[in-house]
Every structure is written in structure tokens, then in C-alpha cells.
Amino acid sequence: MSGRDPLSSPRRFGRGAALTVVFASVLVAGAATGSLPVDGRGAPADRSRATAPGPEAEAVTRAAEEAMADGKSPLEAAERAVSRSGDRWAAVYSEGEYEEFEESLDGRYTGVGLEARRERDGTIEVTEVRSGSPAAAAGIRAGDRLRSVDGEAVDGRPVTEVVALLRGDATDAPAGTTVRLGLERGTRAWTQTLRRARLSADSVTVRALGERATVITVAAFTRGVGDTVRTAVRTAPADAGIVLDLRGNSGGLVTEAVSTASAFLDGGLVATYDVDGEQRALHAEPGGDTDRPLVALVDGGTMSAAELLTGALQDRGRAVVVGSRTFGKGSVQMPSELPDGSVAELTVGHYRTPSGRTVDGTGISPDLEAGVGALERAETVLSGLGDAS
């Protein structure tokens, strides 16, 4: 597993489920994502403040109101009510945490600009340093080994824990706070103190794979991703097939997942979902590229909105899905704002693929299983799908 410090989930991620569209980054697999609130037109909206329907939301709100009237913590009361509900994905967040989450939907995060992975021997190796970041300014380079963060050894630890240390999640560390890294490069060992900063994540990367394939990697469905993918498809070489790499993509804005589907479909159904029993549907826009060979690459970190997209492309025969079974997060969350400004995220429904398959708890099975070497397998499959011209 590999990871980077733009872990975009709120600070309470480890305590419960996830927010509406929590997306851990492309390389930081998290425990869940959700969907977006629903606007008056019955489509997922890009706003994060709404009111979840149903008796569960009323019970949580009532608990918070009663606690406030008694001079107690509304947030803690809401947390207790949510924990009693049995809702696997429900959670409660402070106003500040939720505001940070809303910023993350624009691809902004607090960190030092490192990407890293855990090697087989348990060591943590830096794989990329973001240009203009604190890590770049300090001269840290890809290939350096990260041995400690603020005095805590990181060898053998999950990358998600290392990311949390880099971001200062335990103390809600803001931009401007410092973090001390223990590093090695060859035989040299040194300690470097960095100051965390507000950075922007690249949710979409595009690169050539061989002579006749383009890899479009979507790390998370932040705002603008759909347009970026559509531009990448339009500008790819005319004879190039596409590998849409959704590995480690734990979700994002559902509207952006639908917009991404529109890059490869000529209109039609992307998914159906229900909110408090009311059935609704999501449709692609017409005019997508339906001719290029397409392979969708997935794994166990492909979640939520990324599963919605994968299911649509698979059900409609648009893509061959290669990799391993996806995570299985297909439930719809909506927020309820509490009296003190904190927010409770509650499950209100579930998504289904165009053929009616449920994703929640089951995930999506690939057409072709592939683990190590999955990208090479995808390239082989793509070459067998015929000319894009």
C-alpha cells in the first residue's frame, strides 16, 4: 500500500464512518465514502449542508437540542444517538471539521507534500514530492526513506497512520504548525523540521502507456474532475485506448462521478438510488466517446462514487473491468446540521447499478481478476479490444 499526506477525510475518520463524500486520497485507502446531499430536483447536489429526512435524523437532532438546553454538549449527545442507531456509516463532526471537509471537496488539504509507500520490508519510502511544497523546499526527494515523524518510528506502520502523523490529525494541527521528520538517503540520516501548509491535490493525472494507450488516473472525485477527464479523453491521441485507473479511489462528489461517466457514454442511466424510500435516477450527458477501447482498473480501495462509475461502465458494456473486487460502499448519506453547528451524517438510502445490482456490502467483481501487474494486464486487454480509430 502507498499513501500521501492529502488525506481528505475529516479528523474523526478513525472514530466512526465517513462523511457524505469522504475521499481518502488515491493512495490512502480509507474506510468509507458516501454520496452527496440531495437537492430539490432529486439529483445529488454539490452543497454539503442539508437536512437528512426520516426519524433517525429527528432523533439525533432532538438529542442535541435537549443536551444544549441542559447545558451539555450537543455534539456528544448526537454521537451517542448515532452510535445507538446501528448505522454503520453514520458519524458526527464539529463545525470546524465539516468546514475543513467542504474545503477538501475543492482538492485542498493541509500537509507537507509527500507521497509515500510501505515497502515489503516495512520501511516507508518517499515516492513523490509535490513541487512548491514544504517537502520540496526542504530538499526531500523521491527514494528517501521516512523513518520517524515527531519522534515516532514509522517502520512497519500502515501508510494511513503515517499520513495521519504527517497531517497532525491527533491534534487537529492547522497550516503553520511544524512536524519533525527522520529521514535517510543512502548512508545519510538526518532530521528535518517542516511547516505544514495548505496545498492543492491533483485528482486527475494523465500519462501515455506504450504507444497506443492513455492512462487516466482519478484519485478522488473532487470538483471539476468530470470536466478534466472529458478533456483528457478528447485530447488523447486518436488511436489511443483508455485505461481509467480507479484503484484506491474511495469516492467523492457523485455529480463528478456522473460527469466522468459522461466522458464515455452517450447519455443514458448511470445509477438509481433511493432517499427515504423515494426512487431517483442519475443520467449521463449525451455526446461521450463511445468508440475508444476502455478498461477500468479497480481494487479493494475502489469505493462509493468510484464503484457507482465502475458499475455503470460495466453494466452498459462500455468497459472491461480489470483488477480485484471493489470495497462495497453503496449507501447514501445526508447531513443534518445540529443546533451548535456540528453536523450528523446519516444513511438514507442505497445506490444500484443500471442493471439493478446493489453495491453495498458486495462490491463489484471485475471481469478479469488481476493483482500484482494489474496495469500490465489492463494494457494487454486494451490491445485486444481493437483499434480506437
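Author: Buried means under 20% relative accessible area, exposed means over 50%, and partly exposed is in between, with a 1.4 Å probe and protein chains only. Helices (H or I, at least four residues) and strands (E, at least two) are DSSP runs, numbered from the N terminus.

Reader: And where do the coordinates come from?

Author: This is a predicted model, in which local features need pLDDT of at least 70 and side-chain atom pairs count only at pLDDT 80 or more, while totals for chains, interfaces and linings use all residues. Residues are numbered from 1 along each chain as its sequence is written, and side-chain values use heavy atoms, with hydrogens and water left out.

Reader: How many helices and strands does the chain have?

Author: There are nine helices and 20 strands.

Reader: What share of the residues is buried?

Author: Of the 389 residues in the chain, 55% are buried.

Reader: Helix α7 next. How many of its residues are buried?

Author: Seven of the eight residues in α7 are buried, so α7 is mostly covered. The buried ones are V254, E256, A257, V258, S259, T260 and A261.

Reader: What covers them?

Author: The cover includes helices α6 and α8 (305–315), together with strands β14 (268–275), β15 (278–284) and β19 (343–352).

Reader: How do α6 and α7 pack?

Author: Helix α6 (residues 225–235) and helix α7 (residues 254–261) have axes 7 Å apart, at an angle of about 15°. This makes α6 roughly parallel to α7.

Reader: What are the cut-offs behind that wording?

Author: Angles under 35 degrees count as roughly parallel, over 145 as roughly antiparallel, 65 to 115 as roughly perpendicular, and the rest as oblique. The axes are lines fitted to C-alpha atoms, for helices over the stretch in contact, and angles run from 0 to 180 degrees between N-to-C directions.

Reader: Is the crossing of α6 and α7 left-handed or right-handed?

Author: The crossing of α6 and α7 is right-handed. A crossing is right-handed if the near helix is turned clockwise from the far one by less than a right angle, and left-handed if anticlockwise.

Reader: Which residues make the contact?

Author: On the α6 side they are V225, G226, D227, V229 and R230, and on the α7 side E256, S259 and T260. By class, the contact of α6 with α7 has two nonpolar, three polar and three charged residues. Ala, Val, Leu, Ile, Met, Phe, Trp, Tyr, Cys and Pro count as nonpolar, Asp, Glu, Lys and Arg as charged, and the others, Gly among them, as polar.

Reader: R230 is an arginine. Is it buried or exposed?

Author: R230 counts as buried, at 19% relative accessibility. Apart from neighbours within four places in sequence, R230 is in contact with S259, S262, A263 and E285.

Reader: Now α1 and α2. At what angle do they cross?

Author: Roughly 150°, with the axes of α1 (residues 55–69) and α2 (residues 74–85) coming within 8 Å. The two helices are therefore roughly antiparallel to each other. Their crossing is right-handed.

Reader: Which residues meet there?

Author: E56, V60, A63, A64, A67 and M68 of α1 meet P74, A77, A78, A81, V82 and S85 of α2. That contact divides into ten nonpolar residues, one polar and one charged.

Reader: Switching to backbone angles. Which residue other than glycine has a phi near 55°?

Author: S304 has that positive phi. S304 sits in the loop between β16 (294–298) and α8, and is buried at 7% relative accessible area. D150 is not a glycine either, and has a positive phi of about 50°. The loop between β6 (145–149) and β7 (152–153) holds D150, which is partly exposed at 37% relative accessibility.

Reader: Last one: where is A90?

Author: A90 is in the loop between α2 and β2 (91–93), and is buried, with a relative accessible area of 7%.

Technical notes
Contact = heavy atoms within 4.5 Å.
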